[in-house]
Amino acid sequence: MLMNLDQAPDASVWDQLPGGIIVWVAFALEMGTFMLFFFGFVWLTRSDPQVFQAGQAMLHPNLGTLNTLILLSGSWMVARAVHATQHNRPASKWLIATGLSGLLFVGIKSFEYLELFQAGVSLSTNNFWFYYFFLTLLHNLHVLLGVYFLFYLAWTGPAQGLSKTQIQNISSAAIYWHLVDLIWIFLFPLIYFTRIW
């Protein structure tokens, strides 16, 4: 006898996940992918520590710290957006503020890139710079995608009376933004401060 999926014992558990199951599967896949690159970075750091330390000496840890605070602020603001939807209040101002924090983050990273390019550094300089540019540019693309989602939701959301789908979409965007934040929390100390044995 076939069981109706809606009547399956765990169907309600999956339905209660904020953002829905697909968002969490994507979250796990993204984290897994970045972790593989993080392990590669650590492995190469161990094999050529002088190159990696010389590369880190050219970075700006203060700007990296500032960017970390900006992303953490963005996560707080997007959490406020979700909180607003749960209390039937407009979330647009929080979504826009979070998006602006993402643009500020990318602007600061772009300033760092410009300085490095002017110093003659590129993806092909050595393993450190390949990983630095590859990982941070990939992360920046995730940030920009998040900014797009946030601005889109802010633009299309009504002043009040969000539908269930719109509330779910805001929750999904918040989870995505927390993913972007979590990746940076691992990436920042790894790139800027790692000293391997």
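**Exercise 1.** Is the crossing of helix 6 and helix 7 left-handed or right-handed, and how are the two helices oriented to each other?

*Solution.* The model is a predicted one, in which local features need pLDDT of at least 70 and side-chain atom pairs count only at pLDDT 80 or more, while totals for chains, interfaces and linings use all residues. Residues are numbered from 1 along each chain as its sequence is written, and side-chain values use heavy atoms, with hydrogens and water left out.

Begin with the axes: those of helix 6 (residues 127-156) and helix 7 (residues 164-193) come within 10 Å and cross at roughly 160 degrees. Helix 6 is therefore roughly antiparallel to helix 7, a term for angles over 145 degrees. The handedness of this crossing is left-handed, meaning that the near helix is turned anticlockwise from the far one by less than a right angle. By class, the contact of helix 6 with helix 7 has 20 nonpolar, seven polar and no charged residues.

**Exercise 2.** Describe the setting of H142 in helix 6.

*Solution.* H142 is buried, its relative accessible area being 11%. Its side chain makes a polar contact (a pair of N or O atoms within 3.5 Å, one able to donate a hydrogen and the other to accept it) with the side chain of E30, at 2.5 Å.

How values were computed: Axes fitted to C-alpha atoms, helices over the stretch in contact; angles between N-to-C directions. Helix = DSSP H or I, 4+ residues; strand = E, 2+ residues; numbered from the N terminus. Parallel < 35°, antiparallel > 145°, perpendicular 65-115°, else oblique. Nonpolar A, V, L, I, M, F, W, Y, C, P; charged D, E, K, R; others polar. Buried < 20%, exposed > 50% of the residue type's maximum accessible area, 1.4 Å probe, protein only.
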